Amino acid sequence: MRKRKLPSPAPVSTSRAWAATWNPTWWPVNIHRLIANVVLGGYICGAYAGLKYLMAQNAEERVHYDWMGYVGNFVGVFGLLPLPFAGYWLMREIYQYNQQMGITLM
């Protein structure tokens with residue numbers, strides 16, 4: 001059985017790549033992702049601290065990981081507060097660009 005050779009993709013010009021990247025959703029999606037990364041980092045820190053708290057051998061370690069879990073969850077929860085607003089901003093830009101695209105996303 002012979003292997004079929006796939007055609008190589010057409011080269012993308014730099015101007016087309018930048019035009020596809022720099023669109024009306026560029027800043028809203030960056031802000032939304034930045035906030036979501038802060039939330040994810042906070043919750044990962046909290047989860048790690050929770051596991052280490054359960055495996056702690058003495059009271060000093062428990063106190064440290066209790067504090068670490070508190071701070072991680074604090075960052076996660078307070079990062080979640082502005083996240084819906086960033087998402088609304090992103091969806092508003094998508095709806096303004098193409099309403100059918102917004103309906104498809106929703």
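**Salt bridge and nonpolar patch**

The structure holds 1 salt bridge, a term for a side-chain nitrogen of Lys or Arg within 4 Å of a carboxyl oxygen of Asp or Glu. This is a predicted model, in which local features need pLDDT of at least 70, side-chain atom pairs count only at pLDDT 80 or more, and totals for chains, interfaces and linings use all residues. Residues are numbered from 1 along each chain as its sequence is written, and side-chain values use heavy atoms, leaving out hydrogens and water.

**The salt bridge**

- Arg 92 pairs with Glu 93 in this salt bridge, and their closest N and O atoms are 3.3 Å apart.
- Arg 92 is partly exposed at 45% relative accessibility, whereas Glu 93 is buried at 14% (buried: under 20% relative accessible area; exposed: over 50%; partly exposed: in between; 1.4 Å probe, protein chains only).

**Surroundings of Glu 93**

- Glu 93 belongs to helix α4, residues 83-97 (helices are DSSP runs of H or I with at least four residues, numbered from the N terminus).
- Beyond its neighbours within four places in sequence, Glu 93 is in contact with Pro 24, Thr 25 and Pro 28, where contact means heavy atoms within 4.5 Å.

**The nonpolar patch**

- A nonpolar patch on the surface, with about 1,000 Å² of accessible area together, includes Val 38, Tyr 43, Trp 67 and Phe 74.
- Patches are made of residues with over 30% relative accessible area and no salt bridge; like charges are joined within 9 Å, and nonpolar side chains (Val, Leu, Ile, Met, Phe, Trp, Tyr) within 5 Å.
- Accessible areas come from the Shrake-Rupley method with a 1.4 Å probe, and for residues only the protein chains shown count as cover.
- Helices α2 (26-54) and α3 (59-80) each supply at least two residues of the patch, and α3 gives the most, with 8 residues.
- Tyr 43 lies in helix α2 and is partly exposed, with a relative accessible area of 30%.
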